[in-house]
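Visitor: I am new here. Please walk me through what is on display.

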Amino acid sequence: MLKIENLTKTYANKVKAVDNISFEIESGDMFGFIGPNGAGKTTTLKCVAGILEFEEGQIHINGKNIKEDPVGCKSDIAYIPDNPDVYESLTGIQYLNFIADIFKVTKHDRERLTEYYSTQLAFTDALGDIISSYSHGMKQKLVIISALIHSPKLLILDEPFTGLDPQASFTVKEIMKNLCAKGGAVFFSTHVLDVAEKICNKIAIIKNGKLVALGDIHKVMGDKSLEGTFMELAKNE
Amino acid sequence: MSNLFTLLKADIVNTYKLNGFKDPSNRKKAIGMFFIALTIIIICFLYIGGSAFLISDVLKSMNLLNILLVFAFALPFFALFIMDIYKMPSVLFSFRDYDMLMSLPVQNNVILAAKVIKLMLSGYMWQFLTGFPIFLVYCIKSDNLSILSIIIYIILFIILPLLPISIGSVIGFIVAKISAKMRSKNIIMIIGSFALLILIMGISFSIQNIINEQAIKNLVSSISNIESSFFLFRLYVDSVYRLDIVSLLLLILIFVIPFILFIYLFGKSFKKINSSMMETKASRSSKNIKYQEYSPVVAIFKKELNFYVHCVIYIVNTFFGMVLLFAASIAILVIDFDIEAFFAEFGQLATNAGDMKLMAAVMVFGYCIMLSTPTAASISLEGKNLWILKSMPIHPKMIFKGKIGLGLIVTLPLGVVCSVLVYIGLGLTFIQWLILLAFTISAGFLSSILGLFINILLPKLEFKSPTEVVKQSASVGVAVFAGMFLVLIPMILGSSLVLSSTSLYVLVLTGIYTLITLVLWQYIATKGVKRFNKM
């Protein structure tokens, strides 16, 4: 589903935000990406989503190269940023229609999926309201719905649970699990280690742009908790 | 008191970005901005002072020099009055730092006082720019100036902003309340802004006409009545010129009492008013939900249009050229003046008056269309939302087409309507109208694509408010300058050539515009895409 090979991203100040990282995510994987602030998580996610250009390495999504076929790659993924910055002057439904138009979702499908996910996230009543009137959590819900209405194969989420109420947080986790169960994959960053420990089958821990742990979550953790493993790695490296 | 000073200091440092001077990475920019601002201030000061100086001799010869005092009072008074109405919704109501300030252990009236004092300081600055140069001319030209006059002027200088703040706040509050209840609430602000801009232009042209001595004499009879016809003007002149203490006290009361009342009443309900104005009118209904399908380009265009109509500052700055064109086209139709005689005066440029009319129309159309380049800010305005476009499965060319569509919708429909009005108003031939129409369309495409081209080269994605992009970004400035260059240079060249046919010249110009448009599009579709991907 996603293959990252020797990815390196350097910013203008010559700092390597991501330094030669490689890993693979397969269909059905729930892949947690963990690391301290400024470790390179968001930069990696943005490179995969086709938002940031990178100098070295390759990213393949469903066999397509993000540099050679960005449109094809982006058609298969949905990206949810850590901060839900969206077009504030649109209404919720206008934004969803906009995204659906770009992803060429049929009228029937967009109606069905919007209704389904809006109900799941208790968002139906807010669809007709202008986005500038939404709270942070409501904007986050809108972005999540917009990501799901085009049925992505790979869902990329940056800190998806920030600002969500407990019920919405639970629903999002269920949606992520369902996507993986149906043959899709989820690649998400989080600081909530308990959640990662409960729902991920694979994890990667990144520090200073380099991977310090990677693989099956149980193998990475050993007999410790994920928090214990993370703290140990953070201290040692 | 110390809280008041602290709040005021923080607000002023933040508003005027004074820390830019301390920050080594921003110091050059801050110093540059400071000198630009200083230059503008000096130009305004000299322009107003110079205009007053030019009319002062005629006024003095007619023993009406005290009319300058009326101007020294009226100009800042009305300028502040209009500005306070305009600024009030964001300074005293629903201001940005409301939540932060209200959470501080500071009395509400201290917060209100800090906001009002900031308004007053800005009022003094405007008064210094608009009224003081005129008073200075009065002082220079007056033969029997008393020191008491200057002292009274200073006292009135200090209290002058109080009344505009009080009345402006009440009107601003009413406007904000009405507009908050309207579905298309920005319409009030947009119409008001255009009316204000046209008024300022009208006043500017009038001042230039006044400078003609004969015109002054013709106007003197009406101007000399101003002092007696408007109560405040009479009190002001009586105070400063005739040194009448009763008038001075009355004037002070007229300015101070409404201000005290305003502070007392508004201070009591400051929190309540602001809380109610910040409430969001969420409909919580599903009646607005419609599912409609569009192509990606149309979807992008609709998104652009939606933002455009919701951003007052964006419309005011990029649609004003077309409003001017429309106003001029209507004026040609309805104002009764001898067009043939007017154009017959210009003999050299073209072979006949008909050609001259076409040339003039082309110049005005070109000027107004080149002023209307929303695309020069459209990439920048994506700002934090750029991730949405960049993560979409569409080629950047489609995004560009949607943005160009906005530029075209701003210029072309109204441009075509204006060409018809001008065709009738100026009495152009049908062929000349077709040529004007072709020029309008080519200028519309050029303006739109030129704006996008420049914005791709000079994006400004980090900003706190759209005003920074629309009014202060390099891209917008360069686009307007480049547009003017593309209109004025061909006109200057055209006037220096011996033309056998103006129509042919305009057609050639239309062809050149089309060629430039195609070359720019070629750049946008190749290197522009790469630049966009790197943003």
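Guide: One term first: buried means under 20% relative accessible area, exposed over 50%, partly exposed in between (1.4 Å probe, protein chains only). This is a predicted model, where local features need pLDDT of at least 70 and side-chain atom pairs count only at pLDDT 80 or more, while totals for chains, interfaces and linings use all residues. Residues are numbered from 1 along each chain as its sequence is written.

Visitor: Is Gln127(B) buried or exposed?

Guide: Gln127(B) sits in helix 5 (residues 108–130) of chain B. Helices are DSSP runs of H or I, at least four residues, and strands are runs of E, at least two, numbered from the N terminus. The relative accessible area of Gln127(B) is 2%, so Gln127(B) is buried.

Visitor: Which residues is Gln127(B) in contact with, leaving aside neighbours within four places in sequence?

Guide: Contact means heavy atoms within 4.5 Å. On that basis, the partners of Gln127(B) beyond those neighbours are Pro76(B), Phe132(B), Leu156(B), Phe157(B), Leu160(B) and Pro161(B).

Visitor: At roughly what angle do the axes of helix 14 and helix 20 of chain B cross?

Guide: Axes are lines fitted to C-alpha atoms, for helices over the stretch in contact, and angles run from 0 to 180 degrees between N-to-C directions. Helix 14 covers residues 296–310 and helix 20 covers residues 396–426. Their axes come within 8 Å and cross at roughly 50°.

Visitor: How many helices and strands are in chain A?

Guide: Chain A has 237 residues, and 58% of them count as buried. Its elements are nine helices and 10 strands.

Notes: Chains lettered and ligands numbered in written order. Heavy atoms only, no water.
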